[in-house]
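I opened this notebook to keep track of what I looked up, entry by entry.

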Amino acid sequence: MIDLFSKFDPLIKQREDLLATGQRDPFSLVMEKVLSPTRAVCNGRETILLGTYNYMGMTFDLDVIDAGKRALDEFGSGTTGSRVLNGTYQGHKECEDALKDFYAMDHAMVFSTGYQANLGIISTIAGKDDYVILDADSHASIYDGCALGNANIVRFRHNDVADLDRRLARIPAEAGKLVVLEGVYSMLGDIAPLTDMIAVAKKYDAMVLVDEAHSMGFFGPNGRGVAEAQGCLDDVDFVIGTFSKSVGTVGGFCTSNHPKFEIMRLVCRPYVFTASLPPSVVATAAASIRKLKHSGVKRAHLWENSRTLHQGLRDLGFELGTADAQSAIIAVIMPDLETGAAMWQALLENGLYVNLARPPATPANMTLLRCSLCAEHSAEDVQTILIRFAAAGRATGVID
């Protein structure tokens, strides 16, 4: 019998070799108790959370929690069905109404995860003989959506407007074209030049989808994302997002002004054939979305945290993924996986949790310690984080 797991042998060996050095497994951390958006008990110790994507700190918002409790009492624990059969409850419609109001768009469609939103929308609107033109650093869910739809995939260099133009120019003019962009790229935390890229896409009559997973709630005067912040949201055909970042729960969505968008509810297989979100989840999402629109003070504080941490890490001598603070994500570049894992463990043992990101998920085969700030981190928290990074960096030889 051919062992279908044999293809994973190199990765299994790499993991075993790493753990043999005494390193904890950085991908199986258990939070024994979550105390707040910024604190949890890990390995019996209170730990600052700096790797949760809980950008706006909504997971413990009292209004959000109360909405979930009421829905749990009134509608039960789950729907046991898909949206097109028995799985659409009043809460799903209310959540979609909250999204339409938040984005000021005509249509909104809620999925069970953000991954599923990209998988469903991209695979449905771009099929055989169509072209999806995407940034080389696009999220796995975007690539998987292309594969499911069997579209022709054309990659352009990361955030390279001229290369996007060149790639589009080579595609037959009569072909269906979808340009897929992200507001914030989650590995390095850099933002896309959406205004210029959308202008290029429209020059070639391409539709545009922007994934605002890591920018919703934080960017723009209303928190609608990078497209709003750059003044080009009206030129975007589809906005994809997730509830598992700034919204503080789980789920995904797509909003659009396309007049034919509602047909997606009947033709999008990942929507039609998946059980819908539990009532308590969509209730918490709706409550959070309504509050995010009016969270300008939180947005300003999160920007202040990001700039302070970014500059502080640079001053300590760490190599960062961006020259300045571009988002709530700050990526600290490690020389190799072994050093990155050692640094990750040193931080954890000193009460600070970050994400260890490794190839192939990272661009250019980089190993990263990825920090994601929260609006609930205080200014004092940021200074404590810098102190702990300095100690761990010196202990592991990452900085002098």
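Entry one, helix H6 against helix H7. I began with this pair, keeping in mind that the model is predicted, and I noted that H6 and H7 count as roughly parallel to each other because angles under 35 degrees fall in that class. The angle that I looked up for H6 (residues 161–169) and H7 (residues 194–203) is about 10 degrees, and their axes lie 10 Å apart. I also recorded the handedness of the H6 and H7 crossing, which is right-handed.

I found a salt bridge between Lys203 and Asp165, whose closest N and O atoms are 2.7 Å apart.

I looked up the axes of H2 (residues 62–75) and H11 (residues 279–292), which come within 7 Å and cross at roughly 150 degrees. That angle makes H2 roughly antiparallel to H11, and the crossing of H2 past H11 is right-handed.

Entry four, the charged pair between H2 and H11. I found Lys291 in a salt bridge with Asp63, their closest N and O atoms being 2.8 Å apart. Lys291 sits in helix H11 and Asp63 in helix H2, 228 residues apart, so that the pair links distant parts of the chain. I noted both as partly exposed, Lys291 with a relative accessible area of 30% and Asp63 with 44%. For the whole structure I recorded 20 salt bridges.

I noted a nonpolar surface patch formed by Ile2, Leu4, Phe5, Phe8 and Ile12, with about 580 Å² of accessible area together. Of these I followed up Ile12, which is found in helix H1 (residues 9–20) and counts as partly exposed at 39% relative accessibility. Lastly I looked up Pro335, which lies in the loop between strand E11 (329–334) and helix H13 (337–349) and is exposed, with a relative accessible area of 61%. Its C-alpha atom is separated by 8.8 Å from that of Leu368, 33 residues away along the chain.

Definitions and conventions. Residues numbered from 1 in each chain as written. Predicted model: local features only at pLDDT ≥ 70, side-chain atom pairs only at ≥ 80, totals over all residues. Heavy atoms only, no water. Patch = residues over 30% accessible without salt bridge, like charges linked within 9 Å, V, L, I, M, F, W, Y side chains within 5 Å. Areas by Shrake-Rupley, 256 points an atom, 1.4 Å probe, with all protein chains shown as cover. Salt bridge = Lys/Arg side-chain N within 4 Å of Asp/Glu carboxyl O. Helix = DSSP H or I, 4+ residues; strand = E, 2+ residues; numbered from the N terminus. Buried < 20%, exposed > 50% of the residue type's maximum accessible area, 1.4 Å probe, protein only. Axes fitted to C-alpha atoms, helices over the stretch in contact; angles between N-to-C directions. Parallel < 35°, antiparallel > 145°, perpendicular 65-115°, else oblique. Left-handed = near helix turned anticlockwise from the far one by under 90°.
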